[in-house]
Amino acid sequence: MKKLHLFLIASLFCGSSIWAQQNANNIQLGLEKKAQRKNIIIPDIEGFQTLKGDFHIHTVFSDGLVWPTIRVQECWTEGIDVMAITDHLEYRPHQDFMSKGHNHSYNLAVNEAQKKNIILIKASEITRQMPPGHLNALFINDADTLHQGQVDEVFKMVKKQKALMIWNHPGWKAQQPDTCLIYEVHEKLIKEGLIQGMEVMNYNEWYPIVLQWCIDYNLAVFANSDIHGVSAYTYDVKTAHRPMTLLFAKERTQNGVREAIESARTIAWFEQQLAGPEDLIKQLFDASVSLQPAFYTDDKYQYMEFTNLSDIQFSFSNETIGNGAPDKFVLQPRKTIVIRLDKDAESFKVTVDNCHTGMFKNLETDLM
Ligand SMILES: [Zn+2]
Ligand SMILES: [Zn+2]
């Protein structure tokens, strides 16, 4: 009897200790993997750090479909360092549900941006017929006071707030169906220093003529998403990326971003195309790729490794006729290829087909 009694107590004890270890109520199945940021590898250039920006983003507070804090999370997940929420001042189709003023989307997002180490630029989209079309005012203090009847009054407020503007999607067919012209008003605003940049890429469009204007007027080039829906439903964010403005900044701050824009130290990047001033494109190219000395030579050829350390894909046309290398070749992101050249080749001139330095102009360089 006594033995059985002890056995029962022992089993009860064991049983209850098993209950203490196992949880039948609520087991957390680790979502921590979702909170990981994609690292986009784009090297710094001499004296500057490379920042990735998107300066044209909509939320439910204009005609977007996404809440401001989620915009910050999208940018963080996709590897963006600096962003601007640019809700339309003059077009707010959800206004019946959104009773607050024009500063509210920024106010909702700013704390989330701080917690994610994202630089959030306070901004608005001035949304007018052409001319002047659509302009993003960046580094504003108060969006409400930019909502004026006369567009000249808006420009006065932009100036008063020491903000700056970029001209959005100049080649957008809804506003310039058959042409892409720069108007007097834009030239005047450029002269006054109020327009400091233009979008050469917007959403899925690219405007080579606008790149030429930016070079001629010494303005910053921009590639922005102008996103309205969910980013992951719009772009292939896993294996590709949204349009991004690469900034070469002295420091990773609001002032650093502003100084880079005012100095036109930017490159536009989307769908494996880079567009910007030749000196910056050349520096970024040189920091990204390297052709190593020959590791093997036979009777006819020398063999060299050509390496890309960046997430940018480069495509080439060989301009040195009969040097043994292929006429066209591609160097994919973070990859190395073997290049075969004639044994006595002394130059290896190429055009980098995806690096645009003018309207009909590409980077030309000698790889040797
Ligand atoms: Zn627009
Ligand atoms: Zn827009």
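**Exercise 1.** Classify D226 as buried or exposed.

Solution. The model is predicted; local features need pLDDT of at least 70, side-chain atom pairs count only at pLDDT 80 or more, and totals for chains, interfaces and linings use all residues. Residues are numbered from 1 along each chain as its sequence is written, chains are lettered from A and ligands numbered from 1 in the order in which they are written, and side-chain values use heavy atoms, without hydrogens and water. Buried means under 20% relative accessible area, exposed over 50%, partly exposed in between (1.4 Å probe, protein chains only). D226 has a relative accessible area of 11%, so D226 is buried.

**Exercise 2.** Identify the protein donors of the zinc ion (ligand 2) and assign the geometry.

Solution. Donors are N, O and S atoms within 2.8 Å of the metal (3.2 Å for Na, K and Ca); water is not among the atoms, so sites may look incomplete. H56 (NE2), H58 (NE2), E125 (OE) and D226 (OD) qualify, at 2.1 to 2.3 Å. Four donors are tetrahedral if all angles lie between 85 and 135 degrees; four are square planar and six octahedral if opposite donors are over 155 degrees apart and all others between 65 and 115; anything else is irregular. The 4 donor atoms here subtend angles of 81 to 164 degrees, so the arrangement is irregular.

**Exercise 3.** State how far the zinc ion (ligand 2) is from the zinc ion (ligand 1), and which residue coordinates both.

Solution. The two ions are 3.4 Å apart. E125 coordinates both.

**Exercise 4.** Classify H58 as buried or exposed.

Solution. H58 has 0% relative accessibility and therefore counts as buried.
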